[in-house]
Every structure is written in structure tokens, then in C-alpha cells.
Amino acid sequence: MKLWLDTANIEEIREIDRWGVLAGVTTNPSLAAKEGVEFEALIKEIAAEVDGPVSAEVVSGRRESMVEEGLKLSQIAPNVVVKVPVVPEGFAAVRDLAGRGVNTNMTLCFSPAQAILAAQAGATYVSPFLGRVDDISNDGIGLLSEIVEIYRVQGYRTLVLAASLRHPQHVVDSAKAGADVATMPCAVFRALVKHPLTDNGLRRFMEDWESYQASLGHPAARGGDRA
Ligand code: E4P
């Protein structure tokens with residue numbers, strides 16, 4: 001399962017990219033709006049920063065205009081993936097975009113039936129929104145598992161992108177369920193690494209190392225650049 005960031009903020013992307021595990025980025029109109037800069041310039045900057053797919057969403061409502069918008073977005077950079085909602089005009093637009101070799105991500109998926117339609121349309125990715133399903137007291141991971149199972153049984157090639165992840169357990173459960181990608185906000189990415197036993201263990205190792213070096217009469221301890 002690849003790990004992607006769900007953000008349009010370049011500083012967050014740079015921060016996580018330094019970890020060496022970032023495989024892609026998803027954006028959406030709400031995330032783009034927070035950045036307050038021209039959308040195409042924003043996507044261009046993100047696409048240049050990320051070594052992997054970058055989802056950019058269309059905002060048109062009709063098949064023809066979605067396709068036109070999608071083609072424009074896809075020309076920003078070769079790693080741009082056009083995000084299209086799971087609505088009737090969206091499936092048709094994805095069919096057209098796929099026919100022209102454009103990678104697509106069908107978004108706002110809240111049911112296995114919508115995921116079946118996305119696969120039939122030829123989407124590259126389908127994005128079930130787990131957190132938003134949980135928000136209304138339904139089972140987000142259950143939805144993801146159903147989609148993964150259907151895709152396996154049917155041999156669909158569309159990749160399952162677990163989205164709207166709210167905490168590290170969502171990421172772990174998505175991996176167990178067989179998601180191909182998990183996209184998450186920066187706060188969730190940062191939380192993935194946190195464990196008090198790691199922090200305490202590291203502190204103890206460094207203290208012991210420093211005492212050891214001091215006992216040998218070595219003035220400067222190695223590992224002093226650790227945060
Ligand atoms: C994914 O592509 C979406 O941008 C995102 O995961 C939505 O998450 P939210 O429910 O936290 O807004």
C-alpha cells in the first residue's frame with residue numbers, strides 16, 4: 001500500500017517528502033482554496049515537487065466540460081491524475097479521458113455500487129471516503145473491504161485509494177483490508193511515526209552512549225545531532 005498526502009500545501013509536501021516514503025498527493029477544491037493561489041500554478045508546483053501521482057479535481061458538471069477540464073489538467077505535468085466525482089456525467093468523462101490515455105481518480109465514493117461503476121468506466125483509482133462514512137456512524141473500513149473484495153473477485157484493474165483517513169488506525173486497517181493507496185492529511189502522517197516507547201528508548205540509548213563515551217575519556221559524544 002502506497003502512502004500519499006492529502007494536501008495542497010507545498011510545505012507539508014516538502015516535510016513528508018523528506019522522510020523518503022511519500023508516493024503521491026491528492027488535492028481537492030477545498031484544500032486548494034486554503035492556499036489562495038491560482039489552481040493551475042499550484043498543481044504545477046506540487047507536481048514538480050512530488051515523485052508520484054498528483055490528483056487534481058475537475059469542477060465542471062457536464063461530460064464535455066469535465067473532459068475538456070481534465071485534458072487541460074493532465075497537460076500541466078505527466079504525473080497529474082484527473083479527479084472526477086462518481087456521478088453519471090463523471091463516469092462518462094472518465095471513459096473518455098481513459099480512452100485518451102489520461103489517468104483518473106473517481107472521488108466521493110461512498111458505496112460499493114459506485115465503485116463498480118468507477119471500475120467499469122475505466123478509472124485508474126477509486127477513492128472511498130472512509131472518515132466521512134464513519135462521521136455518519138457507518139463503517140468506513142467495511143466499505144473499503146467490500147470494494148477490495150469485489151475488485152479482487154471481478155479482476156478489476158482500478159486501484160483502491162483509501163481516502164478521508166482521520167487517524168493512524170485508519171491507515172493500518174486500510175493496509176489490512178488490501179487498499180492499494182492510503183491518502184491522509186499531514187497530521188495523520190505525523191501521527192503514524194509517534195510512539196512514546198520509541199522516544200523514551202532513543203533518549204535512554206543516547207544517555208547511555210554519552211556516559212559510555214565520557215567513561216572512556218572521549219569528550220564529544222556521537223549522535224549529538226539527534227533531535
Ligand atoms: C481525497 O482525495 C480527499 O481529498 C480527502 O481524503 C477528503 O478527506 P476529508 O473527508 O478529510 O475532507
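Colleague: How do the residues of the shell around the ligand divide into nonpolar, polar and charged?

Modeller: Keep in mind that this is a predicted model. In the shell around the ligand there are two nonpolar residues, three polar ones and four charged ones.

Colleague: OK, and which residues are around the ligand?

Modeller: You'll find D6, T26, N28, K83, F129, R132, A163, S164 and R166 there.

Colleague: How far is the polar side-chain atom of D6 from an oxygen atom of the ligand?

Modeller: That D6 atom is 2.8 Å from a ligand oxygen. K83 also has a polar side-chain atom by a ligand oxygen, at 2.6 Å. For R132, an N or O atom of the side chain lies 2.6 Å from an oxygen atom of the ligand.

Colleague: How much of the ligand does the protein bury?

Modeller: On its own the ligand exposes 340 Å², and the protein buries 87% of that.

Colleague: And which pocket is the space taken by the ligand?

Modeller: The ligand takes up the largest pocket.

Colleague: Switching topic, what domains is the protein chain divided into?

Modeller: Domain 1 covers 2–192 and domain 2 covers 195–227.

Colleague: What distance separates the centres of domain 1 and domain 2?

Modeller: Taken over C-alpha atoms, the two centres are 42 Å apart.

Definitions and conventions: Residues are numbered from 1 along each chain as its sequence is written. This is a predicted model: local features need pLDDT of at least 70, side-chain atom pairs count only at pLDDT 80 or more; totals for chains, interfaces and linings use all residues. Side-chain values use heavy atoms; hydrogens and water are left out. A residue is near a molecule or strand if one of its heavy atoms lies within 4 Å of it. A polar contact is a pair of N or O atoms within 3.5 Å; within protein, one must be able to donate a hydrogen and the other to accept it, and residues adjacent in sequence count only if both atoms are side-chain atoms. Accessible areas come from the Shrake-Rupley method with a 1.4 Å probe; for residues, only the protein chains shown count as cover. On a 1 Å grid over the protein atoms alone, a cavity is a set of points where a 1.4 Å probe fits but cannot get out, and a pocket is an open set with protein on both sides within 12 Å along at least five of seven lines; lining residues have an atom within 4 Å of a point. A molecule sits in a cavity or pocket if more than half of its atoms lie within 2 Å of its grid points. Ala, Val, Leu, Ile, Met, Phe, Trp, Tyr, Cys and Pro count as nonpolar, Asp, Glu, Lys and Arg as charged, and the others, Gly among them, as polar. Domain bounds come from an automatic or database domain assignment.
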